Amino acid sequence: MTTQSTFNQHTPNFLQVLQDRGFIHQCSDTGTLADTLSKQVTPAYIGFDATADSLHVGHLMSIMTLRWLQKCGHKPIVLIGGGTTRIGDPSFRDTTRPILNDAQIAANIAGIKKVFSKYLTFGDGPSDAVLVNNADWLDNLKYLSVLRDVGPHFTVNRMLSFDSVKSRLDREQPLTFLEFNYMILQAFDFVELSKRFGCVLQMGGSDQWGNIVNGIELGRRINGQNLFGLTTNLLTTSSGAKMGKTASGAVWLNEDRLSPWDFWQFWRNTEDDDVLRFLRLFTEMPLSEINEMASLKGAEINEAKKRLANEVTALCHGTAIAQKMEETARQTFETGQIGQALPRLTISNERLNTGVRVNDLLHEIGFCKSKSEGRRLIKNGGVRLNDCRVTDEVQQLTMSDFEETNQIKITVGRKSHGLFIKEI
């Protein structure tokens, strides 16, 4: 077990690490929190609702916050919202989230759990991470007891004042009573985690500040607890785009939702102005090494982008996979070879005998979200087969196209490459 003296002497300063790397947006009672963190292993949590069967790049700020928390000697608590997912967080949303049934939520939780084992060490030690599900206590709550014990500490006036609520009402979008209860349940979670695990710090994106403050105040009013909150910046790219979203959809962290190749490519295609910032946030490279890259210009910045792609992919998918993706990129873009990790789609002989539209194959290999989008790509000259532009929206691949080879390279734009392979 880590002793207090060992903890004080050798562990990095968590708040300082986050500040230096650009994470912190807001923090409550920073001085007292810093003093607490300096004296003992401190449990802290971030909540993740189970709205999909994988997390995506937009969650990486929170995941890396938990990782740094553990690297600085403290105890991460991953709270899966098996209970709150049934309501759905209304924060800064125009519409109510779809209501998921229990089976869907269970399947999503199973997918989400895979992510955290890559970034955190779980176990029974003082700073080992734990994963808990708020359905364990929320499912057993009695409605009248919650109204009596928790309800008096929330005024409707104050709840209406939060930006997450005001923004919905200002746009004259309906906010259901079900959603209105979300902030109460999140506050209850904080108090419950404090009781069960000694958790004193809740962290999350800056859109969660109001909900976090509710938990701090509920703990003080019910139990006289001194709880803390910390939020990270909601990340956008330098061009203003929301982080983690691309033309083809979310950048998922589970490889069954997004291939490691597409994941590596996402980071390799980072905008020039974002590279150093992303290296600070999403890798563990020393800041001194990152700062040395500040003078890189022109083509040199591409080396920093490759480093970013390698480091982030290694954390998410492993070092061996990251190296394989880098080699695939080198073969594809620098030597003109066919990279081994490129997306592949095998086409049956039966389909080739009758002919299959290139547009259909574009959709099947994942280079467009819909066939209408595929037609637009072809119409705009953005699709090539073996480096020859496709000009006809109804062009087909047939058996004759594979007479000299069993594979054809498909290129969309300048950066998306894949292979159509004839069934053997």
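This is a predicted model: local features need pLDDT of at least 70, side-chain atom pairs count only at pLDDT 80 or more; totals for chains, interfaces and linings use all residues.
**Entry: α4 and α5**

I began with helix α4 (residues 60-71) and helix α5 (residues 102-119), whose axes come within 10 Å and cross at roughly 45°. The two helices are therefore oblique to each other. I also looked up the handedness: α4 passes α5 in a right-handed crossing. Next I listed who touches whom. From α4 come Leu-60, Ile-63, Met-64 and Arg-67, and they meet Val-115, Phe-116, Lys-118 and Tyr-119 of α5. Sorting the residues of this contact gave me six nonpolar, two charged and no polar.

**Entry: α12**

Then I turned to helix α12, which has 15 residues, 209-223. From first C-alpha to last, α12 reaches 21 Å, close to the 21 Å expected at 1.5 Å a residue. Which residues of α12 are buried? I found a run of them, Gly-210, Asn-211, Ile-212, Val-213, Asn-214, Gly-215, Ile-216, Glu-217, Leu-218 and Gly-219. Their cover includes the helices α8 (156-161) and α11 (182-197), along with the strands β5 (201-205) and β6 (228-232). Just after α12 I noted Gly-224, with a positive phi of about 65°.

**Entry: α19 and α20**

Last, I looked at helix α19 (residues 358-365) against helix α20 (residues 371-379): their axes are 9 Å apart and the packing angle is about 120°. That angle makes α19 oblique to α20. Here α19 passes α20 in a right-handed crossing. On the α19 side I wrote down Asn-359, Asp-360, Leu-362 and His-363, which meet Lys-371, Gly-374, Arg-375 and Ile-378 in α20. I sorted this contact into two nonpolar, three polar and three charged residues.

Notes
Residues are numbered from 1 along each chain as its sequence is written. Side-chain values use heavy atoms; hydrogens and water are left out. Axes are lines fitted to C-alpha atoms, for helices over the stretch in contact, and angles run from 0 to 180 degrees between N-to-C directions. Helices (H or I, at least four residues) and strands (E, at least two) are DSSP runs, numbered from the N terminus. Angles under 35 degrees count as roughly parallel, over 145 as roughly antiparallel, 65 to 115 as roughly perpendicular and the rest as oblique. A crossing is left-handed if the near helix is turned anticlockwise from the far one by less than a right angle, and right-handed if clockwise. Contact means heavy atoms within 4.5 Å. Ala, Val, Leu, Ile, Met, Phe, Trp, Tyr, Cys and Pro count as nonpolar, Asp, Glu, Lys and Arg as charged, and the others, Gly among them, as polar. The expected span of a helix is 1.5 Å times one less than its number of residues. Buried means under 20% relative accessible area, exposed over 50%, partly exposed in between (1.4 Å probe, protein chains only).
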